Each structure stands twice: as structure tokens, then as C-alpha cells.
Amino acid sequence: MEATAVKTTEEKYRDYVITSFVKAIQPIVIDRAEGAVVYDAKGKAYLDCFAGISVVNAGHSNPEVIAAAKAQIDKLVHCCSYVYHAQSLADLAEKMAEIAPGRLQKTFFANSGAEAIEGALKLARLYTGKKEVISLEMSFHGRTYMTLSVTGNSGRKKRGGPYAPGVAFAPAPYAYRSQWPDEERCGEECAKAVEQVIRYQTSGDVAAFLAEPVMGEGGIIVPPKNYFRQVKEVLDRYGILFIADEVQSGFGRTGKMFAIEHYGVEPDIMATAKGIANGFPLGGFTARPEIADAFQPGDHLSTFGGNPVSCAAALANINYMQKQNLPQQSFEKGEYTIGKLKAMQQRLPIIGEVRGLGLMIGVELIEDSKKTPAAAKAEAVRSICLREGLLIGVGGVFGNVIRLQPPLVITREQVDQALAVVENALREVSA
Ligand code: PLP
């Protein structure tokens, strides 16, 4: 018999994996990673400025997180979540109560961001006895049916409709492309628009307003400083809960433990995932006790949610962040990076806007003074960076925003190295 050739990883992906994620660029096979650097199977190093979509905030293969996960694996990997209690879950829930804004205290643990949003919406409905949801245009909340229903980006919803009823969308507080380019005015008008949406687009039976404190997939849109405070005043008048989707912006990413802290507003429910366990699968939502207790026994459950290993990893991850003051590091490195990018903007007209908070940074690329989105060029920049050993993200509703979201442990030297590659790539696509 003829021996069949062993397929390569790329061939196995082609033949056996549903690769529906995004249109594939040149795939690389990642073999190992450490800190802010990942290595492919041939040993080539890449500086990672995307952190696995804003996940490994404490750095790849963080030794403290890995050690905690290994110790937990030796003791207990899984237990039946509705009959037994696990110590690592309890310890993590206590830690979440310590770091969550204001009175948020009780957490339900799930496996992913989408599952966290699904649960948060269900809880808001049970607590308020109301049904409808208001979300933002240009938002992203996940890929399940309900989370796509509340996602304000038709690009992500193609070929999946019709979606759930009872969802209305308010304008994104996106000053750069809004009719109110002045930040404060944009914040004020967009907050007023939330009330208009309640009054004219819903039946008045609104349970929750759902928003990302910094809109990641929408193109790192940073809402104006006054926005959430003014929105919260509107919501409180109508008895509507505010769910902050911190899935992407949480865990030090923006220079505070949670991005909503920049706005001095306390959400009623907060959804988390991604950076919570530095790469171990975990998500959750945290609420004030009186809201959390609206769930009656049997109302909500997840077989794998709150897995003991992921919880042990998450606790070690948060402890590490606190010890190393990673949110502050993110703030300082972010200021440095944004400053350098703004200087680059003076040299390169392709950069329409540089924006961000901490190490959640977007560079919006434009073709001309009419701000025509330069999506093909953004994609070309990503390919050039990959060729030069730098991983970056590309996003935004128009596909023209370069996303820099490295592990928060990245060094200044690595930031400089990344910026040099980005500048050369921008020059190459501008030529
Ligand atoms: N919410 C936000 C803000 C996100 O950025 C994402 C993922 O990118 C999600 C929810 C969904 O998270 P997951 O992919 O873990 O389901």
C-alpha cells in the first residue's frame, strides 16, 4: 500500500476546519509565545501587537498564570456546576467583587464574551420584567443569534437574518465621523439620541441599554468624556439598566481595570471575557446583588462555565495585574504610543485620526480630505507588517482602522520597534 503523506497544519485547516472567521490573509502557524512575542513553527519571531484579539493582557505564557492553572489541573479540572462548588470559582468571584466598579458584586461565570452578553441580557430582562434592548450602531457583541441581534454592524450580520425583534439602535458616539465633530457636543447629542430612540423606536418596554465603553470592533471608537454620564441620567429616568460590555476593554486594556471607570459611571451589569484569564476560556457578568438575585434556581446554567482551571488562571492573572500595576502601565505606554502616532500623523496624510485609551489604540486610514475610508490600504498595511514580523489588527465598520492592542507587558523598545514597522508600511501603501 502506498503511504499517505502526512498533511501540514495549513492543509488540515483547509480540509477539516471550518475557517469562516474572516477572509484569510497569509496564515501562519503559531507554535509558542512569550510576553509580547509569538513564534511560528519555523521559529520566526513576531512582535504581537494584537494580543490574540486583546486577550493576553498579562503577556503570553505568563508564568504566574500558567503555574496557577497547572496546580489546579493537578487537583480538579471539572465539576458539575449545579451540584458542587469549586474553590477557585469562589475565590475569583470574590476578586471580581473587589475590582468591579461600585456596587457590582455577584458574578455568573460563562465561557466566552458572547455567552456573557447573552446572560447579562437575560438577567436584565428578568430583573426589570421588561423585554426590549437598546444598543449602539457600529457596536459588536458576539456571534450567537442574540448577540448578533444586538450588534450594530450589518457587515457582521450578513446572511444570518432575520434577527431577534425588540432591539433598537442609537447612534455611535463617534465624533470623527459624526455631524458633531466637537467631542463634547457629540457626546451630548448622542446621549440625547438615546432618549429619542426610547421614545420613538421602542414600545417603551426597554430592559437594558448595552454598550462597549470603548468600541473595539467598530474601530476603537472612544466615546466623549460626557457621554455615559448623560446617557445614564436618561436611563435612570426610564428605569432602564446599563450593561457595560467590557469584553474587549476590560482588565487593564484602557489604562484602568475597566474602561467605564474613565467615565465615572457605575453600570448595573458588566460583561467580561477575553483578558479575564489571559487566554484560558472564561467569561462572565457581574451585577449588584439585588439584580443578580433576580435569577431563581434553574434560570441559568453553563456546563463548562466557570471551569476551575480557567478560574484559577483568572485569579492569578488579576493578582499579577494588581501586583505589576498593569492598568497604569497600559495608561503610560498608551500615552507614549498615541503621542508617537500623532507625530506620525503630521508626516503621513493617510492617517485621518489616532485615537485610543491606554493600549487600546486605533489609527484610522483615509484616502483623501473627504475622509474616504482606505480599507484596502489598511489590509495591505497588515500584510506588510506580517511580512516584517509584526502582528496588528484591522477593524472598524469601514475596515480602515489599524488596531494596536498589544499585551500590556510590551516594552517601550518593542513599542518603538512596532511603530517603525507601521510607519514604513504606511509609507509603502501611500507611495
Ligand atoms: N463583546 C465585545 C465587545 C467583543 O469585542 C467580543 C469579541 O470580539 C465579544 C463581545 C464576543 O466575545 P467572544 O468572541 O468571546 O464570544
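Modeller: One definition first: a residue is called buried under 20% relative accessible area, exposed over 50%, and partly exposed in between. By that rule glutamate 428, at 42% relative accessibility, is partly exposed. Keep in mind that this is a predicted model.

Colleague: Which residue forms a salt bridge with glutamate 428?

Modeller: The closest N and O atoms of the pair are 3.2 Å apart, and a salt bridge requires a side-chain nitrogen of Lys or Arg within 4 Å of a carboxyl oxygen of Asp or Glu. Glutamate 428 lies in helix H14 (residues 412-430) and its partner in helix H13 (residues 375-387), so the pair ties together parts that are 41 residues apart in sequence.

Colleague: How far apart are the closest N and O atoms of arginine 427 and glutamate 423?

Modeller: Both residues are in helix H14, 4 residues apart, which separates them by about one helical turn. Arginine 427 is partly exposed at 39%, whereas glutamate 423 is buried at 12%. They form a salt bridge, and the distance between the closest N and O atoms is 2.6 Å.

Colleague: Is glutamate 189 buried or exposed?

Modeller: Glutamate 189 forms a salt bridge with arginine 185, with 3.0 Å between the closest N and O atoms. Both lie in helix H8 (residues 183-201), 4 residues apart, or about one turn of the helix. Arginine 185 is partly exposed at 43% relative accessibility. Glutamate 189, at 14%, falls under the 20% limit and therefore counts as buried.

Colleague: How many disulfides does the structure hold?

Modeller: A disulfide needs two cysteine sulfur atoms within 2.5 Å. For cysteine 79 the nearest cysteine sulfur belongs to cysteine 80 and is 7.2 Å away, and cysteine 80 is likewise in no disulfide. Cysteine 79 is buried at 18%, while cysteine 80 is partly exposed at 28%. The number of disulfides is 0.

Colleague: What share of the ligand's area does the protein bury?

Modeller: The residues surrounding the ligand include Ser112, Phe140, His141, Glu212 and Asp245. Oxygen atoms of the ligand have a backbone N or O atom of glycine 113 at 2.8 Å, a polar side-chain atom of glutamine 248 at 2.8 Å and a polar side-chain atom of lysine 274 at 3.1 Å. Taken alone the ligand exposes 390 Å², of which the protein buries 81%.

Colleague: Where is leucine 301 placed, and what accessible area does the nonpolar patch with Tyr82, Val83 and Tyr84 have together?

Modeller: Leucine 301 is in the loop between helix H10 (289-292) and helix H11 (308-324). Its relative accessible area is 47%, so leucine 301 is partly exposed and is over the 30% that a patch residue needs. With Tyr82, Val83 and Tyr84, leucine 301 forms a nonpolar patch on the surface, and the accessible area together is about 490 Å².

Definitions and conventions. Residues numbered from 1 in each chain as written. Predicted model: local features only at pLDDT ≥ 70, side-chain atom pairs only at ≥ 80, totals over all residues. Heavy atoms only, no water. Buried < 20%, exposed > 50% of the residue type's maximum accessible area, 1.4 Å probe, protein only. Patch = residues over 30% accessible without salt bridge, like charges linked within 9 Å, V, L, I, M, F, W, Y side chains within 5 Å. Areas by Shrake-Rupley, 256 points an atom, 1.4 Å probe, with all protein chains shown as cover. Helix = DSSP H or I, 4+ residues; strand = E, 2+ residues; numbered from the N terminus. Near = heavy atom within 4 Å. Polar contact = N/O pair within 3.5 Å; in protein donor to acceptor, adjacent residues only side chain to side chain.
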